[in-house]
Amino acid sequence: QKNAKNLTRTATTILGATPRFGLNYYAPDGILSTEWGVEECPLVATAVSADGSIYFDCFDRIIQIDPDGILHTIAGNGTFGGEPTDGMQAIDIHPGFWGSIHAMVADEDGTLYISVSNLGIGKIWSITTDGVLHLVAGGGAFCGGGCVRDEGPATDALLKHDITGLAIGPEGDLYIADKHNNRVRKVTKKG
C-alpha cells in the first residue's frame, strides 16, 4: 500500500532548461520547450490537459507544450487591436488587449479556461480545441463593492479582478476563486 510518506518523486525541468535560442520574450513556435531561454517569462499560470499537453502564460500569451515537447503559441500572438470577442480565433488576440492572465485549467475535452483581468474587470474565457475563444463568465462591467449578479447567465455575472484559482469538478462544472468578492463561484456546464 502506497501513501504520501513512502512515494519517491522526481523533479524534471520541462521548460527553459538550456537557453539554446537565447533570451527571447516570445516563444519561437516549433522548438523543443527545453531549448527556449525563458528567464524573463513571469509564468503565472499553468494547466495540463488530458492528452498530456502543458499550457503556460508568458506576457499575456498562452503557449502549449505538446506531448512531444514542442512549443506552440495558441493565444495572444495577433495584431487584433480591440477587446476580444466571443467566437474569434484566440491566436488573433493582441496580447495587450485581453489583460493579465491569472489562472488556467483544462477540462477532460481539452478546452482550456483562462482567468484574465483588465482595468479591474475579471473575465473567464475558454479556448476550445479548434482555437476558438468563448466568453464563459464575467459581464465586463467594472464593479466596486458587492459584485455578484448570481443566478443568471454566467456571462452576466460580475467578477472582480485577479481570479486566482480555477478548477473543474467531476460533472464538468467550473469553480472560480473570486478572491476580491470573497467567494467561490460555480459555473455549470450549461453556463
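This is a predicted model: local features need pLDDT of at least 70, side-chain atom pairs count only at pLDDT 80 or more; totals for chains, interfaces and linings use all residues.
Which side chain makes a polar contact with the side chain of Ser-117?

Legend 1. Residues are numbered from 1 along each chain as its sequence is written, and side-chain values use heavy atoms, with hydrogens and water left out. Read from the N terminus, the elements go β-β-β-β-β-β-β-β-β-β-β-β. The protein chain has 191 residues, and 46% of them count as buried. Here, buried means under 20% relative accessible area, exposed means over 50%, and partly exposed lies in between (1.4 Å probe, protein chains only). The accessible surface of the protein chain is about 10,100 Å², and 51% of that belongs to carbon and sulfur atoms. Such areas come from the Shrake-Rupley method with a 1.4 Å probe; for residues, only the protein chains shown count as cover. Now take the contacts between residues at least 6 apart in sequence: 36% of these join residues at least 24 apart. A contact means heavy atoms within 4.5 Å.

**Legend 2. Ser-117 and its partner His-102.** Here is the reply to the opening question: the side chain of Ser-117 makes a polar contact with the side chain of His-102, at 2.7 Å. A polar contact is a pair of N or O atoms within 3.5 Å; within protein, one must be able to donate a hydrogen and the other to accept it, and residues adjacent in sequence count only if both atoms are side-chain atoms. Ser-117 sits in strand E6, which covers residues 112-118. Is Ser-117 buried or exposed? Ser-117 counts as buried because its relative accessibility is 8%. Skipping neighbours within four places in sequence, Ser-117 is in contact with residues including Trp-98, Gly-99, His-161 and Asp-162.

**Legend 3. The open sheet E1-E2-E3-E4.** Four strands line up in that order, and their pairing is antiparallel. Two strands pair if DSSP finds at least two bridges between them. Which strands are at the edges? They are E1 (46-48) and E4 (71-75), and each pairs on one side only. From one strand to the next, the twist averages 30°. Angles like this run from 0 to 180 degrees between N-to-C directions, with axes as lines fitted to C-alpha atoms (for helices, over the stretch in contact). Strand E3 (residues 61-65) is joined to E4 by four bridges. Gln-64 has His-72 in E4 as its bridge partner.

**Legend 4. The open sheet E10-E11-E12, with Ala-167 in E10.** Three strands make up this sheet, again with antiparallel pairing. E10 and E12 each have a single partner strand, so one side of each has no neighbour in the sheet. Ignoring direction, neighbouring strands of this sheet are turned by 20° against each other on average. Four bridges join E10 to E11, and the bridge partner of Ile-168 in E11 is Leu-174. Ala-167 belongs to E10, which spans residues 165-168. Ala-167 counts as partly exposed because its relative accessible area is 34%. Beyond residues up to four places away in sequence, Ala-167 touches Val-105, Asp-173, Leu-174 and Tyr-175. Ala-167 and Ala-106 are 61 residues apart in sequence, yet 8.4 Å apart in space, C-alpha to C-alpha.

**Legend 5. Three salt bridges.** Side chains of opposite charge can pair when their charged atoms come close. A salt bridge is a side-chain nitrogen of Lys or Arg within 4 Å of a carboxyl oxygen of Asp or Glu. One of them pairs Asp-109 with Lys-189, with the closest N and O atoms 3.8 Å apart. Asp-109 lies in the loop between strand E5 (100-106) and E6, and Lys-189 in the segment after strand E12 (183-187), 80 residues apart. Both Asp-109 and Lys-189 are exposed. Lys-186 pairs with Asp-173, and their closest N and O atoms are 3.7 Å apart. Asp-173 counts as buried because its relative accessible area is 11%. Arg-185 and Asp-178 make another salt bridge, with 2.7 Å between the closest N and O atoms; both residues are buried.

Note on methods: Helices (H or I, at least four residues) and strands (E, at least two) are DSSP runs, numbered from the N terminus.
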